[in-house]
Amino acid sequence: ATAGPRSFSAAEVRARCAQGACLVSCHRRVYDLSGFVRLHPGGEQLLRRRAGTDVSAALDGPPHRHSANARRWLEQYYVGEIEPGDEQVPPRGRTGTGVGTSLDEEEVDAADQTLRQTDLCYKTVNVEKDLVDWEKPLLWQVGYLGEKYDEWVHQPVDRPIRLFHSDFFEFLSKTAWYVVFMVWTPVVLYLSWVSYTSLAQGNTRLFSSFTTEYSIPVHKYYFPFIFLLGMILWSLLEYLIHRFVFHMKPPASNYYLITLHFLLHGQHHKSPFDRSRLVFPPVPASLVIGFFYGVLRLLLPRVLGLSVFVGGLCGYVIYDMMHYYLHYGSPKKGTYLYGLKAYHVKHHFEHQRSGFGISTRFWDYPFQTLIPEETFKKDD
């Protein structure tokens, strides 16, 4: 059975943090963020520096005002209360510990004993009050939520999702990040070689189906530029699919469209840190990839279409790897990926109708879906 909330003294909080845990308080409520520190968009070190302190002021910013979803997310890690009269946690000591440097050995031993005795299973979902039964596969339930679906799916939780009754289909719906790299990278390398050697034969000409007199030869030296064009086209396609397919708002009265939306993308917004559902499984991905290859074959000469296709496929692999990293990586502050991680997390927690660029924010500019920068006014 899961232990209920308990009382913490400031000494216990200090001792637990000294052992490597990351406990913070907010208005006397204590939260154990130990399992979340690497996922925090502000970086692990930021949370480590706040370990053992009250974060109520930090939640309001600057530099970032946390959304209602972020505050709801915090409640999943609630473990107890600071004892009355003991609210003021002592100031931080060494950098990165968030606690004083002088700790009584008895305090550490007592906290270690408490750690072994206390069940710290997080209250990720209030099973009694939630709109679905988390003990059963969710895919066939969400369609009945109707008008409540959109709000429900955009209130993220930190727990894995089961979609199907069938273990076989459930297995096919999950993928480790490295599987995408292992499956598609050899395909990209092989098709790149085929494209380059085919262009080297000198038989590929643009517009040859319309005219032979004015057709344009495509030399092998053009391959890198055609490949790059494919990557750019993928980045646009990534944006368009994310915005108009993954973020369509299904009609409240349509059970099947709600179910389809949850299968395609809603489950990712409901559980954004389910590591087995952050990349596209190879089996359904192969069907989509095959469709786009067919389209390019119809529009372009065979070798030219293949060259564009392989560039787009490379862009897809980079996108999937980046998407996983933006959720589970801990990029260094000030880097491009650090800003992109914060941008993507804002999309999940607050700006679900904007910020559709994942591997790049470029297309959010011309389509005017850029997430606005936060501004803070000084209090009088």
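Let's start with helix α9, which passes α10 in a left-handed crossing. Keep in mind as we go that this is a predicted model. On your screens, α9 is residues 223-246 and α10 is residues 255-270. Their axes come within 10 Å and cross at roughly 140°.

Which residues make the contact between them? From α9 we have His-242, Val-245 and Phe-246, and from α10 we have His-261, Leu-264 and His-265. Sorted by type, that contact holds three nonpolar residues, three polar ones and no charged ones.

The UniProt record, an unreviewed entry, carries a "binding site" annotation on His-40 and His-66.

Let's take them in turn. You'll find His-40 in the loop between β3 (29-32) and α2 (44-50). Is His-40 buried or exposed? Its relative accessibility is 13%, so His-40 counts as buried. Setting aside neighbours within four places in sequence, His-40 is in contact with Leu-46, Leu-47, His-66 and Lys-341.

His-66, for its part, sits in the loop between α3 (56-59) and α4 (68-74). With 22% relative accessibility, His-66 counts as partly exposed. And what does His-66 touch, not counting residues up to four places away in sequence? The answer is His-40, Ala-58, Leu-59 and Arg-71. So do have a look at that pair on the screen: His-40 and His-66 are in contact with each other.

Notes
Residues are numbered from 1 along each chain as its sequence is written. This is a predicted model: local features need pLDDT of at least 70, side-chain atom pairs count only at pLDDT 80 or more; totals for chains, interfaces and linings use all residues. Side-chain values use heavy atoms; hydrogens and water are left out. Axes are lines fitted to C-alpha atoms, for helices over the stretch in contact, and angles run from 0 to 180 degrees between N-to-C directions. Helices (H or I, at least four residues) and strands (E, at least two) are DSSP runs, numbered from the N terminus. A crossing is left-handed if the near helix is turned anticlockwise from the far one by less than a right angle, and right-handed if clockwise. Contact means heavy atoms within 4.5 Å. Ala, Val, Leu, Ile, Met, Phe, Trp, Tyr, Cys and Pro count as nonpolar, Asp, Glu, Lys and Arg as charged, and the others, Gly among them, as polar. UniProt positions are given in the numbering used here, feature names are shortened, and annotations may be inferred rather than shown by experiment. Buried means under 20% relative accessible area, exposed over 50%, partly exposed in between (1.4 Å probe, protein chains only).
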